[in-house]
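This report covers a helix and its surroundings, followed by contacts that involve aromatic rings.

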Amino acid sequence: MNVANNPRIGYVVNEFPQLGDHRLLDELLELERGGVELSVFALRRADTGWRTPKATRLRARVAYLPTRAPIRERGAWIASHVRDIEHLHAYSARESA
């Protein structure tokens, strides 16, 4: 994958890193390999303390929503962090969407 001008893409996710979901990490790593600059905006941090080796290879900036922020504040928090993002993707459309 060759990406012109290194686009900046943001992913809004419910939890990061998602313990059983390697598809997201595979997708993010492949995009980075293709030259895409990524940012991840997580509504919560994974509580497991376990970190997959794939997650350690990810160069993307990961920002976490402040603990237990009310739903009405999530949109404002995300909006304040997505400056210079050309495309925003909500992964697994539940709370993140």
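## What covers helix α1

The cover over the buried residues of α1 includes β1 (8-16), β2 and α2 (53-57). The model is a predicted one. The residues of α1 that are buried are L24, L25, L28, L29, L31 and E32. Viewed down the axis of α1, these buried residues fall within an arc of 160°, so they line one face of the helix. R23 and R33 are exposed on the other side of α1.

An α-helix has 3.6 residues a turn, so residues three or four places apart point the same way.

## Extent of α1 and what follows

Helix α1 spans residues 22-33, which makes 12 residues. From its first C-alpha to its last, α1 reaches 16 Å, close to the 16 Å expected at 1.5 Å a residue. After α1 comes G35, which has a positive phi near 100°.

## The aromatic pair

A pair of aromatic rings is described by the distance of the centres and the angle of the planes. The structure has one such pair. Its members are F41 and W77, with ring centres 6.4 Å apart and planes at 85°, so the pair is edge-to-face. This pair links distant parts of the chain, 36 residues apart: F41 belongs to strand β2 (residues 37-45) and W77 to helix α3 (residues 71-81).

F41 has a relative accessible area of 0% and is therefore buried. W77 is buried as well, with a relative accessible area of 11%.

## A charge over a ring

R45 lies over the face of Y64, 3.7 Å from the ring centre.

Technical notes:
Residues are numbered from 1 along each chain as its sequence is written. This is a predicted model: local features need pLDDT of at least 70, side-chain atom pairs count only at pLDDT 80 or more; totals for chains, interfaces and linings use all residues. Side-chain values use heavy atoms; hydrogens and water are left out. Rings of Phe, Tyr and Trp (its six-membered ring) pair if their centres lie within 6.5 Å; planes under 30 degrees apart count as stacked, over 60 as edge-to-face and the rest as tilted. Helices (H or I, at least four residues) and strands (E, at least two) are DSSP runs, numbered from the N terminus. Buried means under 20% relative accessible area, exposed over 50%, partly exposed in between (1.4 Å probe, protein chains only). A charge sits over a ring if NZ of Lys or CZ of Arg is within 6 Å of the ring centre and within 35 degrees of the ring normal. The expected span of a helix is 1.5 Å times one less than its number of residues. The arc is that of the directions from the helix axis to the C-beta atoms. Contact means heavy atoms within 4.5 Å.
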